[in-house]
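Dear colleague,

My notes on its salt bridges and on one helix pair follow it.

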Amino acid sequence: MPSFETRQRDGVTILDLKGKITIGVGDVQLRGAVHQALDSGSTKILLNFAGVTTIDSSGIGELVSSYTTTNHRGGKLKLVSLPPKVNDILHITQLITVFDVYDTEDEAVAAFD
């Protein structure tokens with residue numbers, strides 16, 4: 001079962017993702033977590049993938065949807081600590097060119113300024 005923890009750092013809402021982001025569970029939770037952050041007024045959202053073990057096409061679709069929704073609401077969505085499998089999928093799909101991806105949380109948080 002995937003889990004998401006939300007925390008704040010320097011005005012950035014960080015969602016620590018853990019587990020599988022797959023059809024039916026993880027994708028729905030990801031959408032809910034991003035929408036909750038946006039609804040609470042966050043405009044800087046960082047998705048921390050350090051604890052993600054698997055992502056499927058449904059999870060990738062939700063990631064794109066979350067990115068689009070955040071942009072339409074005037075916010076920014078960035079990704080950090082992609083596991084090799086997730087990184088490979090983003091490269092294969094060319095989505096790596098859409099997202100701002102960082103290796104460390106420090107780099108990612110600093111990039112919002």
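I begin with Arg 7, which is partly exposed, since its relative accessible area is 32%. Please bear in mind throughout that this is a predicted model. The side chain of Arg 7 meets that of Glu 105 in a salt bridge, with N and O 2.5 Å apart. This pair links distant parts of the chain: Arg 7 belongs to strand 1 (residues 3-9) and Glu 105 to helix 4 (residues 105-111), 98 residues apart. Glu 105 has a relative accessibility of 19% and therefore counts as buried, the limit for that class being under 20%.

Glu 105 also forms a salt bridge with Arg 9, where the closest N and O atoms are 2.8 Å apart. Because Arg 9 lies in strand 1 and Glu 105 in helix 4, this pair ties together parts that are 96 residues apart in sequence. Arg 9 is partly exposed, with a relative accessible area of 25%.

Asp 39 lies in helix 1, whereas Arg 73 lies in the loop between helix 2 and strand 4 (76-80), so the pair ties together parts that are 34 residues apart in sequence. Asp 39 is exposed, at a relative accessible area of 57%, while Arg 73 counts as partly exposed at 43% relative accessibility.

I turn next to the packing of the two helices. Helix 1 (residues 26-39) packs with helix 2 (residues 57-72) at an angle of about 15°, and their axes are 9 Å apart. Angles under 35 degrees count as roughly parallel, and helix 1 and helix 2 are therefore roughly parallel to each other. Their crossing is right-handed.

On the side of helix 1, the contact is made by Asp 27, Leu 30, Arg 31, Val 34, His 35 and Leu 38. Helix 2 contributes Ser 58, Gly 59, Glu 62, Leu 63, Ser 66, Thr 69 and Thr 70. By class, the residues of this contact comprise four nonpolar, six polar and three charged.

Yours sincerely

Technical notes
Residues are numbered from 1 along each chain as its sequence is written. This is a predicted model: local features need pLDDT of at least 70, side-chain atom pairs count only at pLDDT 80 or more; totals for chains, interfaces and linings use all residues. Side-chain values use heavy atoms; hydrogens and water are left out. Axes are lines fitted to C-alpha atoms, for helices over the stretch in contact, and angles run from 0 to 180 degrees between N-to-C directions. Helices (H or I, at least four residues) and strands (E, at least two) are DSSP runs, numbered from the N terminus. Angles under 35 degrees count as roughly parallel, over 145 as roughly antiparallel, 65 to 115 as roughly perpendicular and the rest as oblique. A crossing is left-handed if the near helix is turned anticlockwise from the far one by less than a right angle, and right-handed if clockwise. Contact means heavy atoms within 4.5 Å. Ala, Val, Leu, Ile, Met, Phe, Trp, Tyr, Cys and Pro count as nonpolar, Asp, Glu, Lys and Arg as charged, and the others, Gly among them, as polar. A salt bridge is a side-chain nitrogen of Lys or Arg within 4 Å of a carboxyl oxygen of Asp or Glu. Buried means under 20% relative accessible area, exposed over 50%, partly exposed in between (1.4 Å probe, protein chains only).
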